[in-house]
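Here is a short report on one protein chain. It begins with a pocket and then turns to the chain as a whole.

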Amino acid sequence: MDYPRDEPLDVCPDLICRRSGHCLAEQRGLPCEKFYMDPDDYREVLACRLERLYVEWGGNPDDLLTEANPTDEEVAELYNILREREAELTAEVRSANVLAAGKRMR
């Protein structure tokens, strides 16, 4: 599975690739580190995004999961919070679309 970077790096972190002037990972059928990141780094990026969204949506940062292996109840609680917020945002978008469609019909 590939884990793409939001922005590619300026240079490949692999010294051999930089010295040869072309991507050796591509020749081996592997994802290039310039455009793709390590799975652990990708998970960390996603966790930071979720944490930022949780706080933006009014969540208390102290309530965030602190353990590496959360309990099923903690996962279910976070899922419910995110699902409720997603439903709110969907309703807002739909009402905005209805209003915009009404204005176009006039």
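The lining of the second largest pocket divides into eleven nonpolar, no polar and four charged residues. Here Ala, Val, Leu, Ile, Met, Phe, Trp, Tyr, Cys and Pro count as nonpolar, Asp, Glu, Lys and Arg as charged, and the others, including Gly, as polar. A pocket is an open set of points on a 1 Å grid over the protein atoms alone, with protein on both sides within 12 Å along at least five of seven lines; a 1.4 Å probe fits at the points, and lining residues have an atom within 4 Å of one. The volume is about 200 Å³. Of the 15 lining residues, L30, P31, C32, E33 and Y36 are the closest to the centre.

The model is predicted: local features need pLDDT of at least 70, side-chain atom pairs count only at pLDDT 80 or more, and totals for chains, interfaces and linings use all residues. Residues are numbered from 1 along each chain as its sequence is written, and side-chain values use heavy atoms, without hydrogens and water.

The protein chain has four helices and zero strands, in the order α-α-α-α from the N terminus. Helices are DSSP runs (H or I, at least four residues), and strands are E runs of at least two.

| Property of the protein chain | Value |
|---|---|
| Buried (under 20% relative accessible area, 1.4 Å probe) | 11% of 106 residues |

Helix α3 covers residues 39-56. Its 18 residues should span 26 Å at 1.5 Å a residue, and its end C-alpha atoms are 26 Å apart, which agrees. Just after α3, G58 takes a positive phi of about 95 degrees.

Technical notes. Buried means under 20% relative accessible area, exposed over 50%, partly exposed in between (1.4 Å probe, protein chains only). The expected span of a helix is 1.5 Å times one less than its number of residues. Grid points are joined across faces, edges and corners, and a volume is the space filled by probe spheres set on the points.
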